[in-house]
Amino acid sequence: THAHTHTSWKVRSAHAKLCETVGVSKRLLLHGTEEYGVCVRGAEGALRDTQADVRQAARASLSSLVMTLDTHAVKRLTQNFERLAGPLPPPTNVDNNQVQAGVLGLAALVQAAPYHVPKWLPQTVTTLARYAHAKSAEHIRKEVQKSLQEFFRTHQDAWKQMHVKEFTEDQIDILETYKGRPTYFS
């Protein structure tokens, strides 16, 4: 049995964490190799797991692994996660597990760029923000708002001087619309 398909969610969660640890610690050796791609695809696949702990471990793993990918690869992942999350507003018969996997993937990408704004980030973060739509499931809206609040927290120091210049006016409007209100418990 492979660890990512094991019947125990604890083993699947540990597998996602191991991929992160190995991928990050051996990043220079593994970058661009098939093994690194296996780690990224494994984390990507674990976002669809039925167990919340496995999905969160996969999100953290993917976020760390994405830091060394090039712009083209991250844009491809953004498109994959947007396709997985589905159309907006979501149809009533939507598979929330699939939508959540797409949203967690987008959130992982946004989390991979704290304190700076790579060329791919404005499109990715505004794509994520759109899933805070009022017709999205509450747990999805909360996940998006939590991610956007973290994005603004990590980018606030240089937002007006540097980061805001990387975004179009429409992208800024979308972020302002969906970012939510920071709370004491966030």
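Residues are numbered from 1 along each chain as its sequence is written, and side-chain values use heavy atoms, with hydrogens and water left out. Because the model is predicted, local features need pLDDT of at least 70 and side-chain atom pairs count only at pLDDT 80 or more, while totals for chains, interfaces and linings use all residues.

Side chains of opposite charge can pair when their charged atoms come close. A salt bridge is taken here as a side-chain nitrogen of Lys or Arg within 4 Å of a carboxyl oxygen of Asp or Glu. Six salt bridges are counted by this rule. One of them joins Glu34 to Arg41, with N to O at 2.5 Å. Residues are called buried under 20% relative accessible area, exposed over 50%, and partly exposed in between (1.4 Å probe, protein chains only). Glu34 is exposed at 52%. Arg41 is partly exposed at 45%.

A salt bridge also forms between Glu143 and Arg59, with N to O at 2.4 Å. This pair links distant parts of the chain, since Glu143 lies in helix 8 (residues 138-155) and Arg59 in helix 4 (residues 52-66), 84 residues apart. Helices are DSSP runs (H or I, at least four residues), numbered from the N terminus. Glu143 is buried, with a relative accessible area of 9%. Arg59 is buried too, at 8%. Lys146 joins Arg59 and Glu143 in a network of salt bridges. Contact means heavy atoms within 4.5 Å. Leaving aside residues up to four places away in sequence, Arg59 touches Leu47, Leu104, Ala107, Ala108, Gln111, Glu143, Lys146 and Ser147.

Arg153 pairs with Glu150, and their closest N and O atoms are 2.7 Å apart. The two residues are three places apart in helix 8, so about one helical turn separates them. An α-helix has 3.6 residues a turn, so residues three or four places apart point the same way. Arg153 is partly exposed at 44%. Glu150 is partly exposed at 34%.

Helix 8 itself has 18 residues. From first C-alpha to last, helix 8 reaches 26 Å, close to the 26 Å expected. That expected span is 1.5 Å times one less than the number of residues. The buried residues of helix 8 include Ile140, Val144, Leu148, Phe151 and Phe152. Among the elements covering the buried residues of helix 8 are helix 4, helix 6 (96-111), helix 7 (121-129) and helix 9 (169-178).

A nonpolar core is a set of buried Ala, Val, Leu, Ile, Met, Phe, Trp, Tyr and Cys residues joined through side-chain atoms within 4.5 Å. The largest such core has 47 residues. Leu62, Val103, Leu121, Val125, Phe151, Phe167 and Leu175 touch the most other members. At least two core residues come from each of helix 3 (34-46), helix 4, helix 5 (71-85), helix 6, helix 7, helix 8 and helix 9. Helix 6 gives the most, with nine residues. Apart from residues up to four places away in sequence, Leu121 touches Val110, Ala113, His116, Phe151 and His155.

Helix 7 also meets helix 9. Pro122, Gln123, Val125, Thr126 and Ala129 in helix 7 contact Gln171, Ile174, Leu175 and Tyr178 in helix 9. The axes of helix 7 and helix 9 come within 9 Å and cross at roughly 35°. Axes are lines fitted to C-alpha atoms, for helices over the stretch in contact, with angles from 0 to 180 degrees between N-to-C directions.
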